[in-house]
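Please open the model in the viewer and follow the selections below in order.

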Amino acid sequence: MNSAQVLSGLAAGLASGGIEVVDLSVTLSPETPVIRLPDIFAQSPGVSFEAISEYDAPGAGTWYWRTIRMGEHTGTHFDAPVHWTTGKDHAANATDTIAPQRLVGPACVIDKSAEAAINPDTLLTVEDVHAWEAQHGRIPAGAWVLMRTDWSKRDSAEDFLNDSHTPGPDSAVMRFLIEQRDVQGFGVETVGTDAGQAGGFDVPFPCHTLMHGANKFGLASLANLDRLPPTGAIIVAAPLKLKNGSGSPLRVIALVPR
Ligand code: 23J
Ligand code: MN
């Protein structure tokens, strides 16, 4: 099949529903939980909305619109390499300069939900990836690796943040996915791409430190990962084009074969 046929097949699949479009994003509101860092660090503000007008403009016609305010890392959001010191000197490392070709790619979904339900500090390991690949095949270069934990089903902020006891990757699996698989990035359902306790790991914050150090990306606070197959979905994850953005809230869309 040539690429024009691939795209016409995609259009036909979208029209027939043979390809499902799944929203992997959470709703942004003042209730959206935001990461809580130790008190010595500056905190990121949550979402606030302020009306510019509410169908109350004088004169002809009326309209509604708002001003939005939030940290760059709020709700479902993209982590750019420039977010971390290890990634700050790469070329094209910010939300406005990343090549758009890197924002669309295949997803490999590794299900750690059963373990995370028992132990909130569950870590993704190299052994987990080997076991996944034995069943589903090798993770291709340029893939997004998404860690399913069902954390997005926790609907109170307290349960979701869980006093910084949340799952994430260990440092060895980050090295493996970077060096041996050349992934595009790593995505999670939790508030940040690193485990809640990752500040104390052998490599502190291994996803941030190593992925961004390798000019790769993160996705946090994803939802609906239970609606994705282990392989076969394509995700579109395009952050806002903020000048020198360290990240941005975004709508992550998955194209899923039925
Ligand atoms: C700043 C400091 C530590 C962390 C984070 C941000 C994030 O998780 C983030 O959203 O990038 S762990
Ligand atoms: Mn972030």
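**A tour of the ligand site**

Begin by selecting ligand 1, which sits in the largest pocket. A pocket is, on a 1 Å grid over the protein atoms alone, an open set of points with protein on both sides within 12 Å along at least five of seven lines; a molecule sits in it if more than half of its atoms lie within 2 Å of its grid points. This is a predicted model, in which local features need pLDDT of at least 70 and side-chain atom pairs count only at pLDDT 80 or more. Residues are numbered from 1 along each chain, ligands are numbered from 1 in the order in which they are written, and hydrogens and water are left out.

Next, display the residues around ligand 1 (those with a heavy atom within 4 Å); among them are Ile35, Leu37, Trp84, Gly192, Phe205 and His208. By class, this shell has four nonpolar, five polar and one charged residues.

Now select His83: a polar side-chain atom of this residue lies 2.7 Å from an oxygen atom of ligand 1. The protein buries 87% of the 320 Å² that ligand 1 exposes when taken alone (Shrake-Rupley method, 1.4 Å probe).

Finally, select the manganese ion (ligand 2), coordinated by His73 (ND1), His77 (NE2) and Asp79 (OD) at 2.1 to 2.2 Å; donors are N, O and S atoms within 2.8 Å of the metal. Of these residues, His77 is buried at 3% relative accessibility, and Asp79 is buried at 1% (buried means under 20% relative accessible area).

Notes: Donors are N, O and S atoms within 2.8 Å of the metal (3.2 Å for Na, K and Ca); water is not among the atoms, so sites may look incomplete. Buried means under 20% relative accessible area, exposed over 50%, partly exposed in between (1.4 Å probe, protein chains only). A polar contact is a pair of N or O atoms within 3.5 Å; within protein, one must be able to donate a hydrogen and the other to accept it, and residues adjacent in sequence count only if both atoms are side-chain atoms. On a 1 Å grid over the protein atoms alone, a cavity is a set of points where a 1.4 Å probe fits but cannot get out, and a pocket is an open set with protein on both sides within 12 Å along at least five of seven lines; lining residues have an atom within 4 Å of a point. Ala, Val, Leu, Ile, Met, Phe, Trp, Tyr, Cys and Pro count as nonpolar, Asp, Glu, Lys and Arg as charged, and the others, Gly among them, as polar.
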